Each structure stands twice: as structure tokens, then as C-alpha cells.
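Please read this short report alongside the sequence and the structure.

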Amino acid sequence: MLNLGLWQLRRLDDRRVANTTIAAAIAAEPVDIAAYLDSFGVPPDHTAIAAAGSYLAGAEVRIANRSSGGQPGFWLATPLQLQDGRIVAVVRGWAPRRALAGLDARSVAAPSGPAVVAGLAFGSVPGGRVAEVAAGEAPEISQMDLARFEEVTGLDTEDVWIRLRAQSPPQPDGLPAPVPDPDLGEGPHLSYAFQWFFFTAGTVVVYGLILRRAARAARVASGRARVSGDPQLHDPQLQL
């Protein structure tokens, strides 16, 4: 239990280091995705990225089962064709189911014509599954698996996708809403560590009490044995 408490403290340290790295990456000035790909290859997760191009709205994909504020919905992932012809998937944000079903008057359509986006870069998330959808509906996958994205769109995309934070021109009706930045809290590791240390201290105390009781019982048993083994205690004259 003591080791588990120390392990939680190590996990807390790792989380703090990761949070510091992520916070620095998010706060950095966005770099052009095309230039980054040419110079360094695929950027690490959470790298601040900017890209200019045009959305290929006809190849939009829904990322299923994404909720916001307790409402069910989707992420909308739209290919962005860069000025040099390369294509990068952009998760433009979250939209409620009712908007995609036509029950919300607000438009979720990507802007036509040139657009400039700024966001965070992420690598492919493996293990995505392609869902069955009704005829005429946009393709749907379970997560941002770029292999599945290419499968349903028929496009050759870069090995990175962008989670949108800002866009010019902006979405006129506020949908899809940008996905919030990751939570950089420290999580429950410190409280878990205290729990394990509390259990450790409690175990030591309880075990000490058990040993004390066992020692007392041993002394009592030893005393009884000495009394029962003393021949004077069995002398009839002494008993009288």
C-alpha cells in the first residue's frame, strides 16, 4: 500500500510535466502546417498549427458519440485542401444531433472559398470503426482514425489532423462549436496517494494492536500454565 501511494505521487509528477509541455505547446505561436510538414514531418500532439486552403465540404465525415453540455452530437471532420494541393483533416467542432437532423435552424456548413484555420495538431487515433448510415448521410466513424477517414472519403490525407480553435471566416451561427482545450488539471492522484498512505498508517496501527493483544493473551496463558503446574497448589492441607 505504501508503494501504491508512492506510485500515485510518481504519476502526479508525470502529469504535471505533461501538463507543462501541453500548456507551452498550446500557448505557442501557430506555425504553418505545410512548412512544418516539409521541415520536420508530422508535428507532435498539441502543436499550435495554422493552415490556409479551401474546405472540401462534400467529403465531410462525422465522428460519432461526442457530447457537449449533456447533449448528444458529433464532431464534424472536414478535409481542408491546402494551397499546395495537400489535404489535411480538420475537426471543425461539435454539433448537436438535432442540427444534423434538420431540427435546428443554425447552419453547420463549412465556409466556401478560401479559409484560414488555427488549431492544435494531433496524430491518428487507431482502432476507428466505420458505422452504417442511411443513404445520403455523411459517413460516420467512431474516432479520428485517419486510415478510416481516408477509407470513407477516398482522399489521400496527411498523417495529422487539426482540431480547430479559430477560423476565418468564422462560422456564422456558431456551429459547429470548437472542441474545448484539454483539461490540464492534476487529476485525483494526490488524493489517491493520501488514501493509500492513510491505509498504510491504519494497517500499522491495527497490526500493532493485534500484536499487543496476542502478547497479552500469551502472558495470560503462560501464567495459567505456571499456576496449573505448581504442586503446592494441589496440596490438600493448603487447600484446607
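## A proline in a loop

Pro188 is partly exposed, with a relative accessible area of 37%, where buried means under 20%, exposed over 50% and partly exposed in between, using a 1.4 Å probe and protein chains only. Pro188 lies in the loop between strand 8 and helix 5 (189-228); helices (H or I, at least four residues) and strands (E, at least two) are DSSP runs, numbered from the N terminus.

This is a predicted model, in which local features need pLDDT of at least 70, side-chain atom pairs count only at pLDDT 80 or more, and totals for chains, interfaces and linings use all residues. Residues are numbered from 1 along each chain as its sequence is written, and side-chain values use heavy atoms, with hydrogens and water left out.

Pro188 and Leu12 are 176 residues apart in sequence, and their C-alpha atoms are 8.5 Å apart in space. Leu12 is among the buried residues of helix 1, which also include Gly5 and Ile26.

## Strand 5 and its partners

Ten of the ten residues of strand 5 (residues 87-96) are buried, so this strand is largely enclosed by the rest of the structure. Strand 5 runs antiparallel to strand 4 (residues 73-82), to which nine bridges join it, and two strands count as paired if DSSP finds at least two bridges between them. Within this pairing, Leu76 has Gly93 of strand 5 as its bridge partner.

Strand 5 is also joined by three bridges to strand 8 (residues 161-168), and these two run parallel. Here Ala89 stands opposite Trp161 in strand 8.
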